[in-house]
Amino acid sequence: MMRYFKSYLASMLILSASTFANEVKTGGNTAVKKEGANAFSLPAGNLPMSKRLDFSVGNSFFRNPWVQAPASTDARDGLGPLFNTNGCQNCHIKDGRGHPPEAGDMHAVSMLVRLSIPAMSPEQKQAYIKDGVIPEPTYGGQLQDFALQDQTPEGKIEITYSDVPVTFADGHKVVLRNPNLTITDLGYGDMHPDTMMSARVAPPMIGLGLLEIIPDQTLLKWVAEQASNSDGISGKVNRVWDVQKNDFAIGRFGWKAGQPTLMQQNAAAFNGDVGLTSNLFPNENCTTTQKICQELPNGGQPEVSDNILNFVEFYTQHLAVPIRRNTAEPLVKQGQDLFSQMGCQTCHKTNVKTASSTERPALSEQVIHPYTDMLLHDMGDGLADNRPEYLATGREWRTPPLWGLGYTEEVNGHTYFLHDGRARSVMEAVLWHGGEAEVAKQKVLKLNASEREALLAFLNSL
């Protein structure tokens, strides 16, 4: 382990804070200067050497695959029997962004499909209040398109696209693609006729610990400020069930802010995506109509220990945000001015201070520029999945952070954006904005070619 740790430290060397004198440190003192495929995989720049072994151990459990039980690797057994992936890095590739399946792909891998049905009966409505959704009776809360060898997966995810043409004021045309989602080869019978489905790609992992300790009061202040304005933008917090506190809390993570903490987000992903139990989610990822979990051996109770969860939490809290690039270029500065003039900064916040934290000192009292308000906003019919989650309606999404946006292609080899990866470029993502962002989008549509170039230069500098 020590030999590995020394090698790891050598590969993780970063430049001192003075190096960043002329750069914008979007992650405060946690920021790092790194380019290329591993730009999202460094520990926080101010994380002391004494804590980097914890980061390294958490990284190993995040990166390495889990296996079927029983196995000699008893720290990593218990996979499935139904699952979406056998390891976190398969979805969050290089700690970055997932993508929808390409033509010919057998599995979605870094995209999953959430499932639920409307709450109709009084009992379902009461369950919805606590759980946020009513799972589909046969297939549960998400579709697992993998199963252990010789076992039957739940189904296959297929996506086709239809064209949506958009024209700028100067005549420039862009063709968006609207996804059409279907589930085929169902392995356990028909789905409920009123099943609601929502495709989700894995989001980047950088800066999550900083987002976690933005004070609740800051989020609620933004809610009040937006409600008092007359610009049509009015975000809200999601209120979700915190398993550890046994109470409701503000949602922060997931595309609809459906999870309150990174610990719970990670444990839920282990359970839903990898088919692993923990003390937070002790039940196997099968419905009562699926006997496969009862018939096959498991990896013990729980399969993911509290110790492993703690290491993975530390890792996901301390993945650094790389610094902004090209900030001194005139085109980038022009684009930043346009970003503000369009009104984008109302939801994509900068100059945010994290809370004081003795438990996570590297993240404590940092001035950060995440370009998110962490709030739910109505994004219009075009982006609607028509699937509510706690207080989030079928048209509402949490504002995604934009930091690291310009690194996406070099980290992940693609530029697919939005919750389901439908946008093939940053501009396509902008043009899908509607609802509360409709006014801003209409302003973008009036930009000429040079102004569009400037706006994209700014966004790609993040």
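Which residue in β8 is the bridge partner of Val240? In β8, that partner is Ala249. Welcome to this predicted model, where local features need pLDDT of at least 70, side-chain atom pairs count only at pLDDT 80 or more, and totals for chains, interfaces and linings use all residues. Residues are numbered from 1 along each chain as its sequence is written, and side-chain values use heavy atoms, with hydrogens and water left out. The helices (H or I, at least four residues) and strands (E, at least two) named below are DSSP runs, numbered from the N terminus.

**Strand pairs and hairpins**

- Strands β7 and β8 pair in the antiparallel sense over four bridges; two strands pair if DSSP finds at least two bridges between them.
- Four residues lie between β7 and β8 in their hairpin, and Asn246 in the turn has a positive phi of about 55 degrees.
- Strand β4 (residues 156–167) also pairs in the antiparallel sense with strand β5 (residues 173–184), over twelve bridges.
- Within this pair, Glu158 stands opposite Thr182 in β5.
- The hairpin of β4 and β5 has five residues between the strands, and Gly171 in its turn shows a positive phi of about 95 degrees.

**Helix packing**

- Two packed helices are described by the angle between their axes and the distance between the axes.
- Here the axes are lines fitted to C-alpha atoms, for helices over the stretch in contact, and angles run from 0 to 180 degrees between N-to-C directions.
- Helix α2 (residues 52–63) packs with helix α9 (residues 306–317) at an angle of about 105 degrees, and their axes are 7 Å apart.
- The helices α2 and α9 are therefore roughly perpendicular to each other (angles under 35 degrees count as roughly parallel, over 145 as roughly antiparallel, 65 to 115 as roughly perpendicular and the rest as oblique).
- By class, the contact of α2 with α9 has nine nonpolar, three polar and one charged residues; Ala, Val, Leu, Ile, Met, Phe, Trp, Tyr, Cys and Pro count as nonpolar, Asp, Glu, Lys and Arg as charged, and the others, Gly among them, as polar.
- Helix α10 (residues 330–341) and helix α14 (residues 449–459) have axes that come within 7 Å and cross at roughly 95 degrees.
- Residues of α10 including Leu331, Val332 and Phe339 meet residues of α14 including Ala454, Leu455 and Phe458.
- The contact of α10 with α14 divides into nine nonpolar, three polar and two charged residues.

**The second largest pocket**

- The second largest pocket has a volume of about 590 Å³.
- A pocket is an open set of points on a 1 Å grid over the protein atoms alone, where a 1.4 Å probe fits, with protein on both sides within 12 Å along at least five of seven lines; lining residues have an atom within 4 Å of a point.
- Grid points are joined across faces, edges and corners, and a volume is the space filled by probe spheres set on the points.
- Of the 23 residues lining this pocket, Glu212, Ile213, Lys245, Pro260 and Thr261 are the closest to its centre.
- At least two residues of the lining come from each of α6 (216–228), β7 (239–242), β8 (247–250) and α9.

**Backbone points to look for**

- Most residues other than glycine have a negative phi, and most peptide bonds are trans.
- Lys94, in the loop between α3 (88–91) and β2 (111–116), has a positive phi of about 55 degrees although it is not a glycine.
- Gly80 and Pro81 are joined by a cis peptide bond with omega of about 15 degrees.

Conventions. Contact = heavy atoms within 4.5 Å.
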